[in-house]
Amino acid sequence: SDPVAAPNLRREIAEGIHWLWRSPLIRYMAFLTGALNFTAGVEVIMLVRLQALGASPAYIGVIFAIGGIGGIVGAIIAPRIQRRFTFGQAIIGVTWLAALFIPLYGIAPTPLLLAAVIVANNVVSPTYDTVQFSYRIAIIPDVLQGRVNSAFRLLARGLRSVGYALAGVLIERIGATETTFVLGGLLVVCAILTTFNAHVRAAPPISQPRSA
């Protein structure tokens with residue numbers, strides 16, 4: 001192995017983490033994205049709830065396919081929402097909607113209504129990804145893009161698998177509906193923190209990126 005490569009790699013990783021930690025807005029967005037990914041276990045809850053409501057495997061497949069179409073629609077309209085609202089308005093709004101949708105997975109009384117919640121959530125979700133990702137790319141110095149984004153993804157995505165595992169344990173211990181309330185409660189806390197986070201609310205337009 002190259003004796004110079006390892007120290008350089010460690011230094012580059014450290015530089016990315018250092019920049020991320022010293023940027024209050026991007027640091028907060030990494031933790032917020034991680035929290036949202038932590039609740040990805042709700043996908044397991046969707047399946048459990050649909051089966052409990054008597055949906056057949058074919059019907060469940062159709063629902064998830066339609067949900068995927070909702071995601072495509074969301075990706076199409078996300079740039080328009082990004083142009084219409086400030087960074088803070090979009091992030092705060094989507095976080096509150098996510099906190100609202102999760103408990104609805106647990107209380108929807110029919111497969112059709114649960115499918116409607118899935119589609120609505122899939123339409124909204126791409127807005128968060130579009131807004132935070134494009135803003136992040138705009139304000140991170142070009143020379144640090146790979147390093148900072150790697151550190152961001154490590155934190156933001158690392159909690160997804162933990163969330164799946166926790167969702168499975170909670171479903172087994174307290175039930176699917178109750179698990180949605182636990183995850184929804186977590187997102188309510190995140191939404192409140194985001195609403196009052198000065199860096200999120202005051203984030204300048206990406207036309208002025210380097211001042212963030």
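First, my terms for exposure: buried is under 20% relative accessible area, exposed is over 50%, and partly exposed is in between, with a 1.4 Å probe and protein chains only. By that scale I get Phe31 as partly exposed, because its relative accessibility is 43%.

Ground rules. I am working on a predicted model, where local features need pLDDT of at least 70, side-chain atom pairs count only at pLDDT 80 or more, and totals for chains, interfaces and linings use all residues. Residues are numbered from 1 along each chain as its sequence is written, and side-chain values use heavy atoms, with hydrogens and water left out.

**Helix α2**

I took helices as DSSP runs (H or I, at least four residues; strands are E, at least two), numbered from the N terminus. Helix α2 covers residues 24-38, and its 15 residues should span 21 Å at 1.5 Å a residue. I used 1.5 Å times one less than the number of residues for that expected span. The end C-alpha atoms of α2 are 21 Å apart, which agrees.

Is α2 enclosed or open? It is largely enclosed by the rest of the structure, because 12 of its 15 residues are buried. Among them I noted Leu25, Tyr28, Met29, Leu32, Leu36 and Phe38.

**Rings**

I paired rings of Phe, Tyr and Trp (its six-membered ring) if their centres lie within 6.5 Å; planes under 30 degrees apart are stacked, over 60 edge-to-face, and the rest tilted. The search of the whole structure gave me 2 aromatic pairs.

Trp21 and Phe31 have ring centres 6.3 Å apart and planes at 75°, so I logged the pair as edge-to-face. This pair links distant parts of the chain, with Trp21 in helix α1 (residues 5-22) and Phe31 in helix α2, 10 residues apart. Trp21 is exposed, at a relative accessible area of 53%.

The rings of Phe87 and Tyr135 have centres 4.4 Å apart and planes at 40°, so this pair is tilted. It also links distant parts of the chain: Phe87 is in helix α5 (residues 87-107), Tyr135 in helix α6 (residues 111-139), 48 residues apart. Both Phe87 and Tyr135 are buried.

Then charges over rings, meaning NZ of Lys or CZ of Arg within 6 Å of the ring centre and within 35 degrees of the ring normal. I found the charged end of Arg136 over the ring of Phe152, 3.9 Å from its centre. Arg84 has its charged end over the ring of Phe85, 5.1 Å from the centre.

**Pockets**

A pocket here is an open set of points on a 1 Å grid over the protein atoms alone, where a 1.4 Å probe fits, with protein on both sides within 12 Å along at least five of seven lines; lining residues have an atom within 4 Å of a point. Volume is the space filled by probe spheres set on the points, which are joined across faces, edges and corners.

For the largest pocket I have a volume of about 740 Å³. Its lining has 31 residues, with Leu36, Asn37, Ser125, Asp129 and Arg160 nearest the centre. Which element gives the largest share of that lining? It is α6, with 10 residues.

The second largest pocket holds about 230 Å³ of space. It is lined by 14 residues, and Ile13, Ile17, Ser150, Ala151 and Leu154 are the closest to its centre. Helix α1 gives the largest share of this lining, 6 residues.
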